[in-house]
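The exercises below concern a predicted model. Work through each task with the sequence and the structure in view before turning to the solution.

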Amino acid sequence: MPFPAFSLPEADRYVLRNATLPAVAIDGFAGPLGREGLIDADILIANGMIEAVLPAGTVPQDLPAADLDGGMAWPCFADMHTHLDKGHIWDRRPNPTGDFFGALDAVRTDRETCWSAADVRTRMEFSLKTAYAHGTGLIRTHLDSLPPQHRISFEVFAELRDAWRDRIALQAVALFPLDMITDEAFFGDLTDVVASHGGLLGGVTYLMPDLEAHLDKLFRTASERGLDIDLHVDETQDHEVLTLKTIAEAKIRNGFEGAVTVGHCCSLARQNDDLAKATIDVVAKAGLSVVSLPMCNMYLQDRAPNRTPRYRGVTLFHELAAAGIATAISSDNTRDPFYAYGDLDPVEVFREGVRILHLDHPLDEAARVVTRTPADILGRADYGRIAAGLPADLVLFSARRWSEFLSRPQADRIVVRNGKGIDRSLPDYRDLDPLMKD
């Protein structure tokens, strides 16, 4: 029966037979490993939970079943670096130059003009509907936190986190220029807001006076308030900008015990081999986690009028991973001045990431970058993997092998939550039309 014409069994206990699974996203499987890191398995589901993952053909034949005929089954995705508050403003605030500074100007204007609680809520909820339909179960979003927006957006975020808690687990990071940390009134209020809403401290680092002192204050404050940190770092092709090493050294110097994530780190790829290795070594020593945003970085970086880009705009992903550093990829921006496209679809992010970052040849562990690793970085080991005892939150595909998976957008996928298929209808862009008037 052609995929996805079959229907999931209505029974409380049933089997997904003849599935192909990426082994890197599976825990507790005792069967043989196949080619390119794929395994053949049956998934036993009971009362919305995964009861067992067993070698294909070993589950009793008398149970209700759906036969995937070799189609892939993945855990729901973890999208660990997004900007839900910026999403879908392109139609009213495009970026005429398509570069980083054009994006900054356009977003600043839109934020100051349009970002009421109602506007932010409508666009964020639209994005969540989209992500949910694509099969995402865990999202971390950065929220623009220049005053007074920090109080507006974090309040909206808290409401949506509660409303969506049974569909998508949400985390939020305060995003602000790090030099504003010297504004005691603002930074104190921001920290109170972040702490009261269970968020993270973030910021944007770049070459600035007293960077070390600013970082020391950030780490001290995070330690005192029990907050983790997630920073935007070196989002440039300028080889003279390299704050990544300074951040790692600050974490070590301050004895910070919380989790620290750094995103982008584009300029690392513009360093000579010796400086790049020295930086990676201290990042590994500090225990930082790194997330690359390949679609957005390739869109923005090294862009100039009437000139073909020379650089891909991404970090030294393979070298960081080889050093034992936790590495992942994510969506970043969606239909806003920083990235004109996207749909918060981790399958698209994965497909493009494989191409841009050469995550293939081999592909054995590639699936981890949108499943297990980002979930672990976000401190949610109950997401991003398939294992007995976890909810039956799965994404089912017709593709049986990597070449099939990476050659089509997998628009016919089935998303399973708590053992039941969901309605995968995407929200209509027309729903946002009332907001698109400046």
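**Exercise 1.** Determine how the residues of the lining of the largest pocket divide into nonpolar, polar and charged, and which element gives the largest share.

*Solution.* Sorting the lining residues by class gives 16 nonpolar, nine polar and 11 charged. The lining comprises 36 residues, and those nearest the centre of the pocket are Phe-100, Leu-104, Val-204, Glu-235 and Phe-338. Assigning the lining to elements then shows that α1 (100–114), β10 (204–205) and β11 (229–233) are the ones that give two or more residues, with the largest share, six residues, coming from α1. The space in this pocket is about 940 Å³.

**Exercise 2.** Classify the ring pair of Phe-126 and Tyr-429, and state which parts of the chain the pair ties together.

*Solution.* The ring centres of Phe-126 and Tyr-429 are 5.8 Å apart and the planes meet at 25°, so the pair counts as stacked, given that planes under 30 degrees apart fall in that class. Phe-126 belongs to helix α2 (residues 117–134) and Tyr-429 to the segment after β17 (420–421), so the contact ties together parts 303 residues apart in sequence. Phe-126 is buried, with a relative accessible area of 4%, whereas Tyr-429 is partly exposed, at 40%.

**Exercise 3.** Classify the aromatic pair of Phe-350 and Trp-402, and name the cluster that includes these residues.

*Solution.* With 6.0 Å from centre to centre and 40° between the planes, the pair of Phe-350 and Trp-402 is tilted. Phe-350 lies in helix α10 (residues 346–357) and Trp-402 in helix α12 (residues 402–407), 52 residues apart. Phe-350 is buried, with a relative accessible area of 1%, and Trp-402 is buried, also with 1%. One aromatic cluster is formed by Trp-74, Phe-77, Phe-350, Phe-397, Trp-402 and Phe-405.

Technical notes: Residues are numbered from 1 along each chain as its sequence is written. This is a predicted model: local features need pLDDT of at least 70, side-chain atom pairs count only at pLDDT 80 or more; totals for chains, interfaces and linings use all residues. Side-chain values use heavy atoms; hydrogens and water are left out. On a 1 Å grid over the protein atoms alone, a cavity is a set of points where a 1.4 Å probe fits but cannot get out, and a pocket is an open set with protein on both sides within 12 Å along at least five of seven lines; lining residues have an atom within 4 Å of a point. Grid points are joined across faces, edges and corners, and a volume is the space filled by probe spheres set on the points. Helices (H or I, at least four residues) and strands (E, at least two) are DSSP runs, numbered from the N terminus. Ala, Val, Leu, Ile, Met, Phe, Trp, Tyr, Cys and Pro count as nonpolar, Asp, Glu, Lys and Arg as charged, and the others, Gly among them, as polar. Rings of Phe, Tyr and Trp (its six-membered ring) pair if their centres lie within 6.5 Å; planes under 30 degrees apart count as stacked, over 60 as edge-to-face and the rest as tilted. Buried means under 20% relative accessible area, exposed over 50%, partly exposed in between (1.4 Å probe, protein chains only).
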